[in-house]
Amino acid sequence: MKHLKVGLATAFMLLLLTGTAFAAAHGADAPLLERPEINIIFRIATLGIVLFIIWHYAGKSIKAFFAGRSKSIADEISGMQARKEAATAQLAEVEKRIANLEAERQAILAEYRAQGEALKATILEKAEKSAAQITSQAKRSAENEINQALERMRAEMADLIVDATEKLLKERLSAQEHEKLIDKYLTKVVLN
C-alpha cells in the first residue's frame, strides 16, 4: 500500500513536471502558466514534491549521516581538547625545565668540579705513595750496593793482607822455621 502511494505521488509529480516543461516550451498554448503567481506556485509545489520524495527515501540515511558526522565532530573536538591539555601540561613542564636550566647547569658543573678534585686528590695520593716506595727502594738498593762494595773491599783487603803477610814471612822466615811452623799448625789442626 505504501509503495502504491509513493508510485502515485511520483507519477503525479512527473505529470506536473512534464506539464510545466511543456507549457514553458509552448508559451502561447498555456496562458494560465504565463501568469507569474501560478508559475511560482507550480515551482514551489514541484520543489516540495521533490523534497518529500528525497526525504521519504533517503531521510533516515541523511539523519544517520548528519548524526554520525555530528558525533564524529564532537569526538574530534573532545580529542583536540585532551591533546590541548596534554600539550599545555608539556609546555609548562618544558618552561619549568628551561627556567631551572641555569640552576641545573650550575649543579652539574659543581658536581664535576667535586669529582675532579676527588680524582686529583686520589692521583696525588697515589703519586706520593709511589714516590715513597721508589725512595725506599732506592735507599735499600744504595745500602745493598754499599754493603757489597764493603764486602769486596774487605775481600780485597784480606787478599792484600795475606799477600803482604806471605811476602813478609818469606823474607823473615828461613826454610827450617817455615817447616817448624807448618808442623806446629798441622799438629794443632789434627788434635782439634
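Let's start with helix α2, where a straight helix of 64 residues would span 94 Å at 1.5 Å a residue, but α2 spans only 76 Å between its end C-alpha atoms. The expected span here is 1.5 Å times one less than the number of residues in the helix. Where does α2 bend? At A58, by about 70°, with the bend taken as the angle between axes fitted to the seven residues ending there and the seven starting there.

A word on what you are looking at: this is a predicted model, in which local features need pLDDT of at least 70 and side-chain atom pairs count only at pLDDT 80 or more, while totals for chains, interfaces and linings use all residues. Residues are numbered from 1 along each chain as its sequence is written, and side-chain values use heavy atoms, with hydrogens and water left out.

Now step back to the whole chain. It has four helices and zero strands, so to speak an α-α-α-α run from the N terminus on. Helices (H or I, at least four residues) and strands (E, at least two) are DSSP runs, numbered from the N terminus. Of the 192 residues, 5% count as buried. Buried means under 20% relative accessible area, exposed means over 50%, and partly exposed is in between, using a 1.4 Å probe and protein chains only. The chain exposes about 17,000 Å², and carbon and sulfur atoms supply 65% of that; the areas come from the Shrake-Rupley method with a 1.4 Å probe, and for residues only the protein chains shown count as cover.

Back in α2, which residues are buried? I38, T46, I49, I53 and G59 are. On the surface, L47, V50, L51 and I54 form a nonpolar patch with about 330 Å² of accessible area together. Patches are made of residues with over 30% relative accessible area and no salt bridge, where like charges are joined within 9 Å and nonpolar side chains (Val, Leu, Ile, Met, Phe, Trp, Tyr) within 5 Å.

What about aromatic rings? A search of the whole structure finds one aromatic pair. F65 and F66 form this edge-to-face pair, 5.1 Å centre to centre with 70° between the planes. Rings of Phe, Tyr and Trp (its six-membered ring) pair if their centres lie within 6.5 Å; planes under 30 degrees apart count as stacked, over 60 as edge-to-face and the rest as tilted. Both F65 and F66 are exposed.

Charged side chains come next. Side chains of opposite charge can pair when their charged atoms come close. A salt bridge here is a side-chain nitrogen of Lys or Arg within 4 Å of a carboxyl oxygen of Asp or Glu, and the count comes to four. In one of them, K71 meets D75 at 3.3 Å, N to O. These two are four residues apart in α2 (residues 36–99), so about one helical turn separates them. K71 is exposed at 53% relative accessibility, whereas D75 is partly exposed at 42%.

Helix α3 (residues 101–172) holds E102 and R105, three residues apart, or about one turn of the helix. Their closest N and O atoms are 2.7 Å apart in a salt bridge. E102 is partly exposed at 43%, and R105 is partly exposed at 42%. Further along, R154 and E151 form a salt bridge at 3.2 Å, and being three residues apart in α3, they too are separated by about one helical turn. R154 counts as exposed at 52%, while E151 is partly exposed at 47%.
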